[in-house]
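Me: I would like to go through this structure by asking what stands behind each label.
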Amino acid sequence: MSEIHPDAALRVLLEGSPVLRLTLRDRDYGMPCPTDRWQVKAAVDDLLKPALEGMVLDLDVVDATGDDVLVIGVVDLNTALPKLRDLLKSLNVPAGATLVLDGGEENLVPDLPTRDELVRQTTDSMIQMVLAECIESAPSDWQAGTLTIQCDGNWLGYQLKNAKSRNSATISGRLRAMCEEIAVLMWKNGNKWREAVLQYEGKSFTVKFSYEEPLHPIPRSPTAAAVKPWWKLW
């Protein structure tokens, strides 16, 4: 006699129980984030399954918007809901996420961080990562440096310099990707600067954003001009 899979037994237990729909909005980074829904699904299952309190029953995608929807069955709504609220806050789910009873409209997690707050938090975190990568990419004799990023929506350029050193830095692929991601995040959320300048000395730094045409444009290579980048903003 074969054993019943735990998930099958839990699904039987959930028949007729409350069903919640968690909608995860697109992060608007400019490229897909397909792992998010799976990470959230795993976290929800890890929270509810061990105590047989619920599980993710299905994953769906809203065709019109590309938003991910997790269909969550819970044995007891009053027990599961506070746990789910705390979990979603800790996961920093995409701004605009909603949790509603199937067939209902009331958002059961109205106090999640706003989109503006999440963008600010993400930007601050990315700047710290960019700083660390600048230091990693710079020659060993550098004590300070200046990273300049310029963007006009069709083209993005970056350079890392230190006027006091004869040794030049080689911008790593990781640093290039970070420059692109932070530009896309800010531009797509309304902060359309033309030039960002990060100056650092050791681990101390300042960041300034300019919205005017750059006074010293970074040279554009023919190759870069000919290739349509993934992040093109229009």
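Me: Which residue takes a positive phi in the hairpin of β7 and β8?

Reply: Gly-202 does, with a phi near 65°, in a hairpin that has two residues between the strands. This is a predicted model, in which local features need pLDDT of at least 70 and side-chain atom pairs count only at pLDDT 80 or more, while totals for chains, interfaces and linings use all residues. Residues are numbered from 1 along each chain as its sequence is written, and side-chain values use heavy atoms, with hydrogens and water left out.

Me: What makes β7 and β8 a pair?

Reply: Two strands pair if DSSP finds at least two bridges between them; seven bridges join β7 (residues 195-201) to β8 (residues 204-210), so the antiparallel strands meet that criterion. Within this pairing, Glu-201 has Ser-204 of β8 as its bridge partner.

Me: Why is Val-75 called partly exposed?

Reply: Buried means under 20% relative accessible area and exposed over 50%, with partly exposed in between (1.4 Å probe, protein chains only); Val-75 has 34% relative accessibility and therefore counts as partly exposed. Val-75 lies in the loop between β3 (68-74) and α3 (77-91), and together with Leu-13 and Leu-52 makes a nonpolar surface patch of about 250 Å².

Me: How much of the chain is buried?

Reply: By that cut-off, buried residues make up 39% of the 234 residues in the chain.

Me: What is the predictor's confidence in the chain?

Reply: On the pLDDT scale, which runs from 0 to 100 for each residue, the chain averages 84, and 83% of the residues score at least 70. Over residues 29-34, however, the pLDDT is below 50.

Technical notes
Patch = residues over 30% accessible without salt bridge, like charges linked within 9 Å, V, L, I, M, F, W, Y side chains within 5 Å. Areas by Shrake-Rupley, 256 points an atom, 1.4 Å probe, with all protein chains shown as cover. Salt bridge = Lys/Arg side-chain N within 4 Å of Asp/Glu carboxyl O. Helix = DSSP H or I, 4+ residues; strand = E, 2+ residues; numbered from the N terminus. Contact = heavy atoms within 4.5 Å.
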